[in-house]
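The sequence and structure come first.

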Amino acid sequence: MAAAQKKRAERVLSFRMRIGLTMILVMLLLLGGRLFHVQGLDPAGHAQAAVSERLRSVPLPAHRGDILDAEGRVLATSVDRYDIVADQQVVDDFVRLDETTGLREEVPVQTGIAELSEIVDLDTEELTDLIIGDSRYSVVTRSLTPEQSQQVLDLEIPGLYAEPVSERSYPSGSVAGSIIGFMGSDGPLEGIEAAQDEALRGSDGERIFEVGGDGVRIPIATFEELPAEDGQDVRLTIDQDLQWFAQEAIAKKADQYDAAWANATVVDLTNGEIMAMADSETVDPAAPGETDELFRRPLALTRDFEPGSTGKAITFAMALEEGTLNPTDDFTVDNRYEVDGQTISDATRHPTLDMTAAGIFARSYNTGTVMIGGEIPEETRYDYMRRVGLGEPLAIGLGTEANSVLRPPEEWDARQHLTTQFGQGYTTSVLHNLQAFQTMTNGGVDVPLRLVDAYVDADGTEHPVESEPGERIFSEETSEEMLRMFEGVVDYGTGTEAAIPGYRVGGKSGIAEAAGASGGFDGHTQSFIGMAPLDDPQYLVAVTVHRPQGYWRDWEVTDTFREIMSYVLSSYDKAPTGAESEAYDGFEGENQDQPW
């Protein structure tokens, strides 16, 4: 019995041993097959996978192009900065050379973090949370100078890298700030920075390299670099010095009358170049959040308003062009005028006057203007207004379009077909007004306003933006007659304070009611648009003040026009000629010193 049990136990043991040996053989076969597959059939793939685990990619940001003024002076540029990032899975205690002893010593990572704290001005607790963990990409701090970045790398903490980034700098602060625009954390937000981003930003490159287990680059391993393509510089038509001067002048005027806002814009009327576009308050591109949102974009683009009497210029120009008017035609002008059941009044009372058309324009009488404009069919007037840009969006390369609202004649009410003749019943922007005046003073040719002068490649190659040929709206004769009537405004009309000794100066004043937020009117907009020198017309300056406080007859903006235009003429070496005025006479058989 005992022998049988012993024999049975031996058979069970033998069976188990065979099973065990069989399993071991199977495992060896599987391992051998896998080893053969790895080393014999796909060595490159697995080697590549191992390399991929060690590869790191660092972007090479393109240098963002500069924004320049008309003379090439820098308004916006990029400076080199670095973000410090951590691969937390690599961060650990490390070894580095002790410069005092000349020996390599082990450094606890917390010691390295304490040293880092002194460089980046963050406390060690915060840095520990950013550096210690499981993340493969943790931003430790941003925008270090090259010197600070090198100090961080010199600590030799494994897993810490410096990523190059570009940061915008604005050397002139708030000068032309709303034109230049500004950057946000995700890219450009406003102005030229946003509108011309495609040209400015260029194309980023990339650097790829291998790192070892300690996170340090392997010098002789994989290294590839795709160079960045730098962006273009964008040169503007803006004159930095003139822009600063205009900003100071218009801010002073806004403060004088406690206005909601004010704007002064300067244009080269021969080619449509905007030389300055200044607001009473201007954003600093380096700190846009500190400026009211209203002033983060140019007011010449974003604000529309009824132009008032500056709009009379279009009525007179079209009447001259249509042949229904000569500047010396006689009119008897009362303070009130009844037409089509509507009463039109002048802003101030005056006796009945025998005047020329030029005198009506110079003294800015609504009554006489309606007499003149009434000779032109409504559809014809509307067509001229549209042709000079009213009622159309106006773009100058800033991404934002200026708006103007002009309804067609069939939508005009019983009074609007009269008020549109003297600048009411429709809205314009500062730029719309300047575009219309540019057409009237540039020989009758409408040349679009523009802000970008040229694009400049990184190697200095320039790509000028040519002025468009423009469209003829008025004849040269009409333009010349309008210039003489504009001169009358300054000689004996509503703009006598715009005169500049030694120069022939013209212009047109305007005042209109400002629409209230809840309907009706609750303020005014005061403006003056002038041109000089009339011997050879070169420059337009528009001054606009919105919601000035006080009594309307006390408001004066021609002094600010005179200040800015005098600066322009002096800066651009336009010497005074002392030429005599060629303004048309304003009165027939009466002295021009008639009461208003």
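Three nonpolar, three polar and two charged residues make up the lining of the second largest cavity. The model is a predicted one. The residues that line this second largest cavity are Ser178, Glu190, Gly191, Arg297, Pro298, Leu301, Leu398 and Thr400. Its volume is about 40 Å³.

How many cavities of 30 Å³ or more does a search of the whole structure find? The search finds three. The largest cavity has a volume of about 50 Å³. Its lining consists of Pro307, Thr310, Gly311, Ile314, Leu390, Tyr426, Thr428, Asn433, Ala436 and Phe437. Helix H16, residues 430-441, supplies the largest share of that lining, with three residues. By residue class, the lining of the largest cavity has six nonpolar residues, four polar and no charged.

| Cavity | Volume | Lining residues by class |
|---|---|---|
| Largest | about 50 Å³ | six nonpolar, four polar, no charged |

Strand S4 covers residues 94-97 and strand S5 covers residues 104-107. In which sense do S4 and S5 pair, parallel or antiparallel? The pairing is antiparallel and runs over four bridges. In one of the bridges, arginine 96 has glutamate 105 in S5 as its partner. S4 and S5 form a hairpin, with six residues between the two strands. In the turn, glycine 102 has a positive phi of about 80°.

How values were computed. Residues numbered from 1 in each chain as written. Predicted model: local features only at pLDDT ≥ 70, side-chain atom pairs only at ≥ 80, totals over all residues. Heavy atoms only, no water. Pairing = 2+ DSSP bridges. 1 Å grid on protein atoms, 1.4 Å probe; cavity = no way out; pocket = protein on both sides within 12 Å on 5 of 7 lines; lining within 4 Å. Points joined across faces, edges and corners; volume = space filled by probe spheres on them. Nonpolar A, V, L, I, M, F, W, Y, C, P; charged D, E, K, R; others polar.
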